Structures are given as C-alpha cells and as structure tokens.
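I opened this entry to record what I looked up in the structure.

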Amino acid sequence: MFTKTIAVLVAASAAWAADPVTLQIKSGEVAAHVSPMLYGLMTEEINFSYDGGLYAELVRNRSFKDDAKEAVHWSLVQDGGGAASMALDPATPLNDAIGTSLKLTVTKAPAGIANEGYWGIPVQPGTKYRASFYAKAAAGFTGPLTVAIVGNDGTTKVASAQVAKVSDAWHKYEVVLTAAPGAKASAANKLVITAGKPGTIWLSMVSLFPPTENNRANGNRRDIMKLLADMKPAFLRFPGGNYLEGNTIATRFDWKKTLGDIAQRPGHLNDAWRYWSSDGMGLLEFLLWCEDLHMQPVLGVYAGYSLRGERVAPGAALEPYVKDALDEIEYVMGDAKSTTWGARRAKDGHAAPFKLEFVEIGNEDNFDRQAGSYDSRFAQFFDAIKAKYPALKVITTAKVGSRTPDVVDEHYYRRSEDEMASHAHDYDTRPRTGPKIFVGEWATRVGEPTPNMSAALGDAAWMTGMERNSDIVIMSSYAPLFVNVNPGGMQWKTDLIGYDAMNSYGSPAYWAQQMFSAHHGDIVLPVTAQGIPTKTWQPPPPRTQAGQPAPPAPAVQQVPTVFYSATRGAGNVYLKIVNRAAEAQDVRVEISGVSVDAKGQSIQLAAKSPDDTNSIADPAKLVPVTASVDGLGAKFTRTFPPYSITVLVLKAK
Ligand code: AHR
C-alpha cells in the first residue's frame with residue numbers, strides 16, 4: 001500500500017481554525033445498514049482501459065485488424081543491411097475469425113518487422129516475456145526467425161530467441177524472452193521479428209505477455225490489479241457503459257465472439273470510443289478478474305439499443321437478443337454438466353459457476369427517445385430473466401413503468417467540486433420505498449487525465465451522502481476507472497487510475513475512495529450536526545438551446561464545506577470528516593451509547609491546494625497518512641486541516 005504511517009498526538013486546535021462544528025453521534029442506534037455491496041468498480045474499454053491498460057498484452061495491432069489498409073503500429077526493420085516490404089494480405093487469412101495476415105517479403109537478409117507496443121514495450125530487468133505468433137512460409141523459405149525485444153536505438157538487444165524452422169502451413173510458434181538482470185527498466189523498446197534469409201512469410205496474432213496476475217496466460221497487469229485490490233471492491237460492473245452498446249448494433253459488445261482462444265476472436269471496432277478492441281478482455285476474462293479480486297460480477301447485457309439510435313423493436317425481433325442475454329447468464333452461472341453455456345465455460349477452462357446476483361439491462365437507455373421503447377424492451381428482458389432465474393435482481397438504466405425493477409442505475413457526472421458537494425444530501429430525502437439505487441457511474445470531473453484534490457473533496461462529500469443513505473443506495477461505482485496517460489490515450493477526461501506502459505498511480509480521488517471503501521462498519525449511526533460552515537456557489541447557467549435566448553443564471557447557493565458520516569462495526573466507530581475549506585476546522589465530537597478509547601487511528605488525505613494532484617511523474621504527491629492518535633473519547637475536539645479527508649477509527653465498547 002502506498003500510504004505513509006506516522007505516530008502523532010492529537011493536534012491541539014489550531015489558532016486559525018474556524019468556529020467549531022459539533023457532531024453528536026448516537027452509537028447505540030441504527031439509522032440504516034451499510035450495504036455490503038456499496039463500494040464497487042465500473043469498467044469498459046475506454047481510454048485504453050484493457051488494450052494498452054489492464055489487459056497485459058504488449059503488442060498493439062497483434063492480428064493486423066486495427067486498420068483495414070495498413071499495418072499500423074508496425075514498421076520494417078532493415079537497419080542490419082537488409083531489405084524488405086510488408087503489406088496486409090486478406091487473401092491469406094489466419095482463420096475465419098482473423099481474416100487477414102501480414103505478408104513480409106525479405107529480399108535481402110537480415111530484415112523484418114517491429115511492433116511499437118502501446119506507447120512502448122515495457123521491460124523490467126531479469127523478467128521473462130512470453131512471445132508467440134502464427135506464421136506460414138512461402139515455398140523456398142524455412143527460417144530462421146529471430147524474435148527479440150530491441151531498444152528503440154535499434155542496437156540494444158534486451159532479449160532474444162530463435163525459431164529455427166518455419167513450415168508452409170499456419171502454425172503457432174512460442175518462445176520465452178528473458179531480459180538480463182542488468183537490462184534497463186524502460187519502455188523505449190520494440191518487439192522485432194527478423195528473417196535470417198530472404199523469402200516470404202505471413203504472420204498473424206503476434207503476442208507478447210509479461211508476467212501477469214496469478215500467472216494467467218491471457219491475464220492482467222499486476223501493478224494495476226494491486227491498485228484495484230487495495231480498494232477492496234465488492235463488485236465489477238461490466239462491460240460498459242457505451243462500450244456495451246456500441247454506436248451500432250453490429251459494434252455492440254457481442255460476448256459470444258469474445259470467448260476461447262485469442263486466435264479465434266475476431267475483435268471489433270470500439271466505435272463508441274474510436275479504437276479497435278482486440279477482445280482479449282472477453283467475458284471469461286472479466287469473470288476471472290472478478291474472481292481474482294473477490295468481486296461479484298454485475299453483468300450488463302445488451303438491450304437492443306445502440307448509441308447512434310439503432311434499436312431493435314420489442315417483440316419477435318428482440319427475442320434473439322433476449323435469448324443471447326439468457327445464454328450469457330448461463331455462461332456465467334450455469335452448471336458445467338447440465339447446461340450448454342455452462343459446458344462451454346468449462347471447456348474454456350472454468351468448470352465452477354460464478355456467483356451472479358445482479359443483471360443490468362442496457363446502459364443509459366434514457367437516451368433512447370422513442371416513446372415506450374425501453375419500457376417495452378426492459379419488460380421483455382425482465383420477464384425472461386425472472387422466469388428462468390427468479391433469484392436474480394434486475395437493474396434498470398432508465399425510468400420504466402411496465403415492471404418494477406429491483407434496482408435503478410443512476411449516473412451523475414458533476415462539473416465542479418461545489419456542484420458535487422451541493423448534491424451530497426440528495427438521498428437524505430429520497431422515498432424509502434421502491435427499487436434500490438445503484439449509482440453506477442459518478443465523478444467530480446475536475447482534473448485531467450486524472451482528478452485532482454478538488455475532485456477528491458467533491459467525491460468524498462458525495463460518498464458521505466451515499467454511505468449515510470446506504471439503506472437505499474446499495475451499490476456505487478465511479479467512472480471511468482482507467483486512463484492511459486500517453487498522448488492519444490484519453491477519450492474522456494477525469495479518470496480514477498492513470499498509467500503508462502511502465503507505471504501506474506492512483507489519483508487523489510482514488511485514495512478518497514480507497515479510504516471510504518476500506519474503512520466502514522455495517523451500521524450507519526445517526527449524527528446530528530451544528531455549526532456546519534458553508535461557502536457561496538454560483539451554479540453555471542444551463543446550456544443555451546440553439547435558437548433560444550440564454551436561460552437566466554441559477555440562484556446562488558450556500559454549499560457546506562464540512563461533510564461527515566459515521567458507521568459502526570468490528571468494535572470500531574468509523575467517523576469520516578471532509579473539510580473542503582481553505583481553513584482548518586475544529587470539530588467537537590460527542591458520542592453516546594458506547595465508551596470510546598482515548599487511543600485510535602487517523603487516516604488522512606490532505607493537500608496544500610485543491611489543485612494538487614498525482615501523476616506518472618509524481619505518483620505519490622498526495623497519499624493518505626495513517627497515524628496513531630490520542631486524546632479521543634466520548635467527547636473530544638479535533639482539528640481537521642484545510643482541503644482534507646479523514647477517517648477516524650475510534651475503538652468503541
Ligand atoms: O463513463 C463514460 C461514459 O459515460 C459511459 O460509457 C456512459 O455510460 C456514460 O455516458
């Protein structure tokens with residue numbers, strides 16, 4: 001964990017602290033129960049989340065399908081005195097799924113091709129890399145081929161291996177490339193395949209994997225998995241987001257095409273986010289990701305609506321899509337012996353069914369403006385799922401009237417810290433009847449590529465509201481989760497975790513979530529507050545509609561600068577205090593119903609400026625500090641620094 005641990009005594013009230021806030025916590029009472037599913041993850045292929053991100057494949061455009069005309073991200077290697085040409089060759093496909101290949105013609109050896117990776121091929125000293133590729137030689141060429149990781153200078157050979165013979169039929173070749181213990185840790189490398197003699201050869205599905213989480217052959221990056229594990233997420237919502245829907249029906253996430261051997265996966269154009277998806281992160285990989293992090297899958301199924309407005313009419317036309325969703329559920333949780341898709345999952349390497357409790361029908365179907373379209377489509381999916389799997393809870397993505405969903409997915413992207421904070425009490429007054437709420441996407445969108453401290457403060461204020469109302473808000477997940485910070489890597493600003501080929505880091509907003517998710521009890525305690533300070537906020541004017549006069553500016557609001565939440569469990573009271581102000585804040589805490597030890601723990605994220613942030617260059621500028629504290633008890637006063645988020649862990653008997 002990237003936290004700092006120090007021991008301090010409880011801070012005396014600082015001279016500049018504002019008038020004290022008083023919080024009265026009734027520890028013997030139960031305001032609500034904290035949902036065990038409250039904190040989870042939402043994910044989709046955006047900002048190079050999987051390809052060039054979590055999915056550990058290092059070769060970009062491995063099946064030569066990223067572009068129909070050119071072998072993008074590949075180049076010729078002729079600097080050893082050789083000469084060669086290359087071209088895509090759809091006339092020589094690898095198979096039905098991968099309907100093309102790269103034809104390499106070497107007229108003077110040695111010469112070959114190089115892949116630039118996702119902004120570089122990362123190398124760590126003393127590490128083994130698994131390289132594989134399919135090849136087929138023309139008459140007259142039998143090898144050898146050299147596979148190597150080479151520095152971008154063209155001369156530094158980091159690791160290399162030879163394939164002595166190549167046959168005239170498609171065949172998979174595998175080698176291990178070992179970087180020497182003295183190799184430089186760097187991403188300034190390429191993967192190079194060189195022919196030792198003149199001839200023609202076709203190549204396809206060229207792959208290179210570093211060591212992965214749990215050593216899975218088609219697995220995930222270890223550093224990013226560690227960041228996620230530290231968040232202790234309860235669930236993973238996948239596969240989107242807009243990525244689930246695609247711009248068109250044809251470019252939706254078509255799960256059946258994401259199964260099995262990667263050489264049998266066609267991949268698809270992720271037109272929602274404008275780049276090719278290898279589908280290396282397929283349905284089973286999502287599930288294994290859940291398994292590795294002990295998360296429950298929250299499965300989004302395609303519901304017959306795509307972003308550019310293509311939709312499937314409810315009724316007979318929608319039936320195949322409903323059937324597809326039922327098959328998908330069966331793939332996740334069906335018995336390996338008695339169900340078709342459970343058997344397919346077992347064939348793919350996972351005989352045991354996965355636990356599945358929640359299925360979501362579509363994504364943001366409020367954008368389907370055709371009257372009644374989603375309502376009818378939802379009803380068809382809902383009825384079919386409930387008939388076959390009565391225990392499954394069905395999540396709606398928009399208002400429906402024809403059925404009563406178990407859960408409603410609500411999305412909130414806020415443009416400023418003040419705006420997010422102004423909504424932190426929204427759920428306090430929500431009716432307690434009706435479907436539960438899943439805040440399936442939310443974020444304070446300040447900072448790019450990753451959120452800064454101001455965003456983290458808005459997020460933390462918002463999380464106190466969700467936690468306090470966790471009787472109705474049973475699940476929540478920030479979005480987007482990931483961004484590759486290289487130029488061209490980001491399609492959506494303000495993403496929780498940033499990385500490049502070599503390194504990854506959590507934003508201040510990541511740490512705020514990690515603090516909330518890893519420190520809470522199972523009971524929400526009633527808290528009465530006095531003296532909460534506020535600041536003035538002028539909400540931005542609504543967007544002017546074309547041809548309409550500019551709407552009047554909304555009324556100025558007073559938005560609190562202090563937010564709080566208290567929960568109890570495992571012998572502790574967890575008190576969260578967010579101080580958004582530029583001044584330190586004294587808080588008087590009075591806890592009734594339990595006796596509280598003088599000694600406890602503080603976990604605190606604080607910044608000098610709300611603009612402070614983390615980055616690849618400075619990944620740990622802002623991280624939580626864990627400290628032993630003294631001077632606590634049933635009544636105490638404590639000072640919370642400017643721009644700070646604090647969890648106080650109070651030992652309560
Ligand atoms: O998180 C980015 C996008 O925001 C999601 O794909 C979509 O569901 C929402 O509009």
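Is Asn 469 buried or exposed? I worked on a predicted model, so I note that before any value. I looked up the relative accessible area of Asn 469 and found 3%.

I then checked where Asn 469 sits. I found Asn 469 in the loop between helix H8 (453–468) and strand S23 (473–476). I also looked for a partner of its side chain, and I listed a polar contact with the side chain of Asp 428, at 2.7 Å.

**Ligand site**

Next I asked which residues surround the ligand. I noted the acidic residues Glu 44, Glu 364 and Glu 441 among them. The shell also includes Trp 273, Tyr 413 and Trp 492, as well as Asn 242 and Asn 363. I sorted the shell by class and got five nonpolar, three polar and three charged residues.

A polar atom in the side chain of Glu 44 lies 2.5 Å from a ligand oxygen. For Glu 441, an N or O atom of the side chain is 2.8 Å from an oxygen atom of the ligand. With Asn 242 I found a polar backbone atom, 2.9 Å from an oxygen atom of the ligand. I then looked up the cover: the ligand on its own has 280 Å² of accessible area, and the protein covers 94% of this.

**Cavities**

How many cavities of 30 Å³ or more are there? I counted two.

I took the largest cavity, which holds about 90 Å³ of space. Its lining includes Arg 252, Phe 253, Trp 255, Tyr 302, Tyr 321, Asp 324 and Glu 328. I checked which elements give two or more residues to this lining and noted strand S18 (296–301) and helix H4 (319–333). H4 gives the most, with four residues. By class I recorded seven nonpolar, one polar and three charged residues in the lining of the largest cavity.

I then turned to the second largest cavity, with a volume of about 30 Å³. I listed Tyr 39, Gly 40, Leu 41, Met 231, Pro 233, Gln 513 and Ser 517 as its lining. This lining has four nonpolar and three polar residues, and I found no charged residues in it.

How values were computed: Residues numbered from 1 in each chain as written. Predicted model: local features only at pLDDT ≥ 70, side-chain atom pairs only at ≥ 80, totals over all residues. Heavy atoms only, no water. Near = heavy atom within 4 Å. Polar contact = N/O pair within 3.5 Å; in protein donor to acceptor, adjacent residues only side chain to side chain. Areas by Shrake-Rupley, 256 points an atom, 1.4 Å probe, with all protein chains shown as cover. 1 Å grid on protein atoms, 1.4 Å probe; cavity = no way out; pocket = protein on both sides within 12 Å on 5 of 7 lines; lining within 4 Å. Points joined across faces, edges and corners; volume = space filled by probe spheres on them. Buried < 20%, exposed > 50% of the residue type's maximum accessible area, 1.4 Å probe, protein only.
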